[in-house]
Amino acid sequence: MDKGTGVVTSVPSDAPDDFAAFNEYKNDPKKREFYGIDAKWVEGIDVVPIIDIPEYGNTIAVKLCIDMKVGGQKDKQKLNDAKEIAYKQGFNFGVFTIGTHAGKKVKEAKDIIKQEMIDRNEACIYYEPEQKVISRTLDECIVAKVDQWLLKYGEENWKNFVKSHVNSDNFETYHEKTKHQFDHVLDWLKEWGVSRTFGLGTHVPWDP
């Protein structure tokens, strides 16, 4: 709400938070009155199945909220737990049951649908942190999309070449722990900045 990014679609079939809200407004006249919700917006309306997920059916949010005995929107911890399951299962194992991509796995169709929406000028790429990020100067941070050159340290051939060198007789460290640290870093390091866009910046020879 504080970003003003527009109206977010409610998906009570697959988002536990949305189902909890939908269910409350459907069954609680006082809550509808408080928020100015017309009864006809929710009464007689059923959850619309979109994605089928093995072992969870085609309305995972409904199943999880019932199984985990979610009492309503105030059950924050249960809803967070349910959300983690629903989103992970839906993305990794879900299959669309409606639309032009029915029959495709969610993780395969996601990027295709995104590109289709961009091509039709119905969407644009937007980035923001998962949660509020505060700098050391107590300013709220935003994501800045800037050009920066990164080295692909995670490239398999390069990584394996370096690993074999680190673990060979030609590589010595003062302490065995240091060698383990090299191995550890090589496992997680994927991309790392070689140029900077702030301050004086960094000139790289191939980029004018």
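Guide: Lys-179 touches Val-166, Ser-168, Phe-171 and Thr-173, leaving aside residues up to four places away in sequence; contact means heavy atoms within 4.5 Å. This is a predicted model, where local features need pLDDT of at least 70, side-chain atom pairs count only at pLDDT 80 or more, and totals for chains, interfaces and linings use all residues. Residues are numbered from 1 along each chain as its sequence is written, and side-chain values use heavy atoms, with hydrogens and water left out.

Visitor: Where is Lys-179 placed?

Guide: Lys-179 is in helix α7, residues 176-188. Helices are DSSP runs (H or I, at least four residues), numbered from the N terminus.

Visitor: Is Lys-179 buried or exposed?

Guide: Lys-179 is buried, meaning under 20% relative accessible area with a 1.4 Å probe, protein chains only; exposed is over 50%. Lys-179 has no salt bridge (a side-chain nitrogen of Lys or Arg within 4 Å of a carboxyl oxygen of Asp or Glu). The nearest side chain of opposite charge, Glu-176, is 5.3 Å away.

Visitor: On to α6. Which residues of α6 are buried?

Guide: In α6, residues 156-166, they are Lys-159, Val-162 and Val-166. They line one face of the helix, because they fall within an arc of 70° seen down the axis of α6; the arc is that of the directions from the helix axis to the C-beta atoms.

Visitor: What do they pack against?

Guide: The buried residues of α6 pack against α7. The face turned away from that buried side carries the exposed residues Asn-157 and Phe-161.

Definitions and conventions. Helices (H or I, at least four residues) and strands (E, at least two) are DSSP runs, numbered from the N terminus. Lys and Arg count as positive and Asp and Glu as negative; His and the chain ends are not counted.
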